[in-house]
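Let's take a friendly walk through a protein model. Have the sequence and the picture ready as you read.

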Amino acid sequence: MFFVSRKQIMKQKLPEHIAFILDGNGRWAKKRGLPRNMGHYRGAWNLVNIAKECQELGVKYLTVYAFSTENWKRPEAEVNYLMETPVKEINKYLDKIIDSGVKIKFIGLRNRVPKETLELMIKLEKLTDNNKGLNLLVAFDYGSRAEIIEAVKKITHQALRYEIKETEITEELLNKNLFTSNVPDPDLLIRTAGEVRLSNFLLWQLSYSEFYFSKKCFPAFSKRQLLKAINDFQKRKRNYGGLKEAKK
Ligand code: IPE
Ligand code: IPE
Ligand code: MG
């Protein structure tokens, strides 16, 4: 195990956008003989550390996978915990969140999320809208396939009203109709807890991203681990299908 310090991170090669699958909360808790929900609690607090570090490094976008369209399949008590606890906790720290400079946006479906949770999501987006720090995108009731279907529906409606022609259906147009419109594609994807899959996360947007998998469960994934992932990313050569030298 080697350590990477902030000094070793090259500013000019910083990932502009990091996508993060926060996995392993349950296993982290189980290993310690704690209830799974305690893992979610600690994971949520660890997200604060990771977001702070990203902001201090100068990363512009961090998109975190917090609840998937498939996570509704989990036991009711766990789903309720994930829907309700953040509301209680975040309400206690609203001022701190606003002062942190982080700009929060939620991506995902909105019709299944409980009313109180949705109200808080909208409030957070409004209250942090003028912030100029890290753009934190929280994928909540998010699924990439659902996102693409939603985009296709919006485009179809425009086409049926003759607002767009078939020739205008381009990658840019689809991009514009995704939840992540106006957000550059992630440069780096990190997934914790040893799982090597995407689990329906940003399938379109990750087409040319660099992947980094860590064995650490998310509550134990420290700032140092993040620096290690960025350092690893900075050594990669990105070709985008061509033969050019590594792009910045
Ligand atoms: C990730 O941790 C958080 C969510 C999916 C909400 P998990 O809850 O998936 O933890 P493991 O994978 O069961 O350990
Ligand atoms: C992916 O993790 C979803 C989130 C991290 C929110 P899961 O734990 O739900 O993924 P699978 O089921 O192991 O693929
Ligand atoms: Mg998991």
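## The nonpolar cores

A nonpolar core is a set of buried Ala, Val, Leu, Ile, Met, Phe, Trp, Tyr and Cys residues joined through side-chain atoms within 4.5 Å. The model you see here is a predicted one. Its largest nonpolar core has 43 residues, and those with the most contacts inside it are Ile 18, Phe 20, Leu 62, Ile 190 and Leu 226. In soluble globular proteins, nonpolar side chains tend to be buried together.

Which residues does Ile 18 touch, leaving out those up to four places away in sequence? Its contacts are Cys 54, Val 59, Tyr 61, Leu 62, Thr 63, Leu 188, Ile 190, Leu 226 and Ile 230. A second, separate core has 15 residues, including Ala 19, Tyr 61, Leu 137 and Phe 201.

## Strand 4 and its neighbours

Now find strand 4, residues 135-142. Eight of its eight residues are buried, so this strand is largely enclosed by the rest of the structure. Strand 2 (residues 61-68) runs parallel to strand 4, and seven bridges join the two. Here Leu 62 has Leu 136 as its bridge partner.

Strand 3 (residues 103-107) also pairs with strand 4 in the parallel sense, over five bridges. Ile 107 stands opposite Ala 139 of strand 4. Between strand 3 and strand 4 the chain passes through helix 5 (residues 115-127), making a left-handed β-α-β crossover.

## A buried glutamate

Is Glu 53 buried or exposed? With a relative accessible area of 2%, Glu 53 is buried, because the cut-off for buried is under 20%. You will find Glu 53 in helix 2 (residues 36-57). Not counting residues up to four places away in sequence, Glu 53 touches Arg 6, Lys 223, Leu 226 and Leu 227.

Methods. Residues are numbered from 1 along each chain as its sequence is written. Chains are lettered from A and ligands numbered from 1 in the order in which they are written. This is a predicted model: local features need pLDDT of at least 70, side-chain atom pairs count only at pLDDT 80 or more; totals for chains, interfaces and linings use all residues. Side-chain values use heavy atoms; hydrogens and water are left out. Helices (H or I, at least four residues) and strands (E, at least two) are DSSP runs, numbered from the N terminus. Buried means under 20% relative accessible area, exposed over 50%, partly exposed in between (1.4 Å probe, protein chains only). Contact means heavy atoms within 4.5 Å. Two strands pair if DSSP finds at least two bridges between them. A crossover is right-handed if, with the strands pointing away from the viewer, the path from the first strand over the helix to the second runs clockwise.
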